Structures are given as structure tokens and as C-alpha cells.
Amino acid sequence: MSFAKLKADSRPHRSIEEVSAFLGKETHFEGKITFLGIFRLDGRFEGEIFDGGTLIVGESAFIRAKIGVNSIIISGHVEGEITAQERIEIHSTGKFYGDLVTPILVINEGGIFEGNCKMLKKERQNELPIENHNPQQTFSF
């Protein structure tokens, strides 16, 4: 067996694309989650998720929550409210039921969205919280 001492400069640098937290398929969690970076959820979650990172919802995930993140990628099932500062993507296996606020919404063929959507420019997004939506300015699908 051989051991090597790493110099301070030779430590692996964390990639911005690296997942910083993960909840697997068999996980069931209720409560409030905050995170930094990229968080992948493949299990069941009920509660609140808030932070400025990216939330990845895996195909096996079931989430019922109020969510406030920078970006979210949905490949599983999500119910509730989402406010995303950058974008929301619903992939072909993704399902979202509820209200959302985001400047960019991408729904791939096969993806499901049922609810209300408010698309605001990034600088105006903090002006209208999702709870105070005006039905005349939202779209129902």
C-alpha cells in the first residue's frame, strides 16, 4: 500500500457542477432544507426548500413544498409553489402542479405543468411574492 502527501496546490478543486448534497430514492424527509451549490433530491420531501443554488429533482422524487431557489430542474413530481431567480426547467418525465414565478420557464416535450405562472424580469422578481399573485396577470394551463 502506498500513501502520497498532497501539496496544498494539488488538492482537487471543487467543480461548480458538482452536487453538494443528495437525498436518495429511499429517503423520506419532512421539514426545511437550506443548501449551498447543487442539491439533488430523488426521494420524498414535504416542507420548505430555500437557497440560492440549483435544485435537481430526480425522476423518482416526490416533493410537496414551498421552494425558493436560483434554478430548479424537475424530472420527478413536484407540488406546491416555486420561486426561481434564474430559471425553471421541466424535463420530459417532470410533473409540476402549483404556482411558479421565474424569468425563464422551459418545458420539454412530455413535461407536465398545471397551475399558475408569473414570468418576471429578474430585477422585478422580488417585487411580487408568489403568495400575492394577481389572477389577471397569470396564465393557467
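Predicted model: local features only at pLDDT ≥ 70, side-chain atom pairs only at ≥ 80, totals over all residues.
Colleague: What conventions apply to the model?
Modeller: Local features need pLDDT of at least 70 and side-chain atom pairs count only at pLDDT 80 or more, whereas totals for chains, interfaces and linings use all residues. Residues are numbered from 1 along each chain as its sequence is written, and side-chain values use heavy atoms, with hydrogens and water left out.

Colleague: Why is Phe45 called buried?
Modeller: Buried means under 20% relative accessible area, exposed over 50% and partly exposed in between, with a 1.4 Å probe and protein chains only. Phe45 has a relative accessible area of 0%, and is therefore buried.

Colleague: What makes the pair of Phe29 and Phe45 stacked?
Modeller: Rings of Phe, Tyr and Trp (its six-membered ring) pair if their centres lie within 6.5 Å; planes under 30 degrees apart count as stacked, over 60 as edge-to-face and the rest as tilted. For Phe29 and Phe45 the centres are 5.7 Å apart and the planes 15 degrees apart, so the pair is stacked.

Colleague: Why is the pair of Phe35 and Phe39 called tilted?
Modeller: The angle between the planes is 35 degrees, at 5.4 Å centre to centre, so this pair belongs to the tilted class. Both Phe35 and Phe39 are buried.

Colleague: Which residues touch the most other members of the largest nonpolar core?
Modeller: A nonpolar core is a set of buried Ala, Val, Leu, Ile, Met, Phe, Trp, Tyr and Cys residues joined through side-chain atoms within 4.5 Å. Among its 24 residues, they are Ile49, Leu55, Ile67, Ile72, Ile74 and Ile82.
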